[in-house]
Amino acid sequence: MAAVTATRSNGLQDAKASVKHVENVAVDNQKLCDIETVALVVAQPKAEFKLQPIILDEIRDDEVLVEMKYSGHTDIVLQQGLLPMVEFPAVFGHEGGRFLLNVLKPGPDDTLVVFGLSSVGLTALMAAKHLGVGQVIAVDIVQEKLQMAKELGTTDAINSKDQSNVAEAIKKASKSGAGATFAVDCTGVLRVIEDMVACLAPQGTATVVGVPPPDVKISIDPLMFLLDNKKLIGVIEGDSNPEDFIPQLIELHQKGAFPIEKLCRTYPVERLEDAIHDLHTGNVIKPVIQWS
């Protein structure tokens, strides 16, 4: 099988950020170029991930060579060709931490609504419980995920498939009757984003975290948006310093306040397609790929 040379066309395609497995690589300067390894390569938009050899470029002075044992992010959005900045063939994947509640800072008097119970949505619920947010409403179309949200401490759960008007159902469920003070979309689905804005109470803030497709528009009532003093913001990777919050997350996990093991299931790299299938069907929240 022909090797694919890793390129640096953009940050998303930087192969060194996506290298999955490196074996027996010496760390002397003579061995830090043309390194043979393997990666999951996507030949074209919507093509399957294909495990094959690649060759890494020379390691720069400001880079670190890392042997990957496990990985948990395959960038399905990019693999599907939904963002325009990607050149194919490409190696995807990154490991990032989202701590979006650092941006919103909800408290005991607030109602927080989380749309889409992905790993990001469920970790937001965990954080909300830890912060003592007064009311947390989980919204999804998969009943098993809503059950998981209840186990993690959400106060209310709404299956949006069962609602003719999701925003009104949320307002009715909210403790104030006026709607959410904070809402987070983890889906990137346009109708969901519109429902998120519509469910806000006056002076409420809606936050887009899920990745929507490019070149699309949402529809909102601009007069009500103005009169209710609503806000719509975007958040990427949260507003936090990894050197500070990663130790905090470890401490929370050790105390049982951040039970990420409930979300994860490990798959060998050869079973990647099974992992993706289980992710889409809701059988697993966070597939973790084992490389060695």
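## Salt bridges

Glutamate 63 and arginine 60 form a salt bridge, their closest N and O atoms lying 3.2 Å apart; the term denotes a side-chain nitrogen of Lys or Arg within 4 Å of a carboxyl oxygen of Asp or Glu. This is a predicted model, in which local features need pLDDT of at least 70, side-chain atom pairs count only at pLDDT 80 or more, and totals for chains, interfaces and linings use all residues. Residues are numbered from 1 along each chain as its sequence is written, and side-chain values use heavy atoms, with hydrogens and water left out. Glutamate 63 is buried at a relative accessible area of 17%, whereas arginine 60 is partly exposed at 37%. Here buried means under 20% relative accessible area, exposed over 50%, and partly exposed in between (1.4 Å probe, protein chains only).

The whole structure holds 7 salt bridges. Another of these joins the side chains of aspartate 274 and arginine 271, at 3.0 Å from N to O. Aspartate 274 is partly exposed, with 37% relative accessibility, and arginine 271 is partly exposed, with a relative accessible area of 37%. Through shared partners, salt bridges link Arg60, Asp62 and Glu63 into one network.

## Helix H6 and aspartate 195

Helix H6 spans residues 190-198, and its buried residues are Val192, Ile193, Asp195, Met196 and Val197. Helices (H or I, at least four residues) and strands (E, at least two) are DSSP runs, numbered from the N terminus. The buried residues of H6 pack against strands E6 (111-115), E9 (180-185), E10 (200-208) and E11 (231-234), and against helices H5 (166-173) and H7.

Aspartate 195 has a relative accessible area of 13% and is therefore buried. The side chain of aspartate 195 forms a salt bridge with that of arginine 191 (3.5 Å, N to O). Both residues lie in H6, 4 residues apart, about one turn of the helix. Arginine 191, by contrast, is exposed, at 53% relative accessibility. Leaving out residues up to four places away in sequence, aspartate 195 touches Phe115, Val166 and Ala167; contact means heavy atoms within 4.5 Å.

## Nonpolar cores

A nonpolar core is a set of buried Ala, Val, Leu, Ile, Met, Phe, Trp, Tyr and Cys residues joined through side-chain atoms within 4.5 Å. The largest has 29 residues, of which Leu112, Leu117, Leu122, Leu125 and Leu263 touch the most other members. Among the elements giving two or more residues to this core are helix H3 (119-131), strand E7 (135-140) and helix H4 (143-151). H3 gives the most, with 6 residues.

Beyond its neighbours within four places in sequence, leucine 125 contacts Val114, Leu117, Val136, Ala138, Ala149 and Thr154. A second, separate core of 18 residues includes Ala167, Ile170, Val192 and Cys199.

## Aromatic pair

The structure contains 1 aromatic pair. The ring centres of phenylalanine 88 and phenylalanine 92 are 5.8 Å apart and the planes stand at 80°, so the pair is edge-to-face. Rings of Phe, Tyr and Trp (its six-membered ring) pair if their centres lie within 6.5 Å; planes under 30 degrees apart count as stacked, over 60 as edge-to-face and the rest as tilted. Phenylalanine 88 is partly exposed, with a relative accessible area of 24%, while phenylalanine 92 is buried at 3%.
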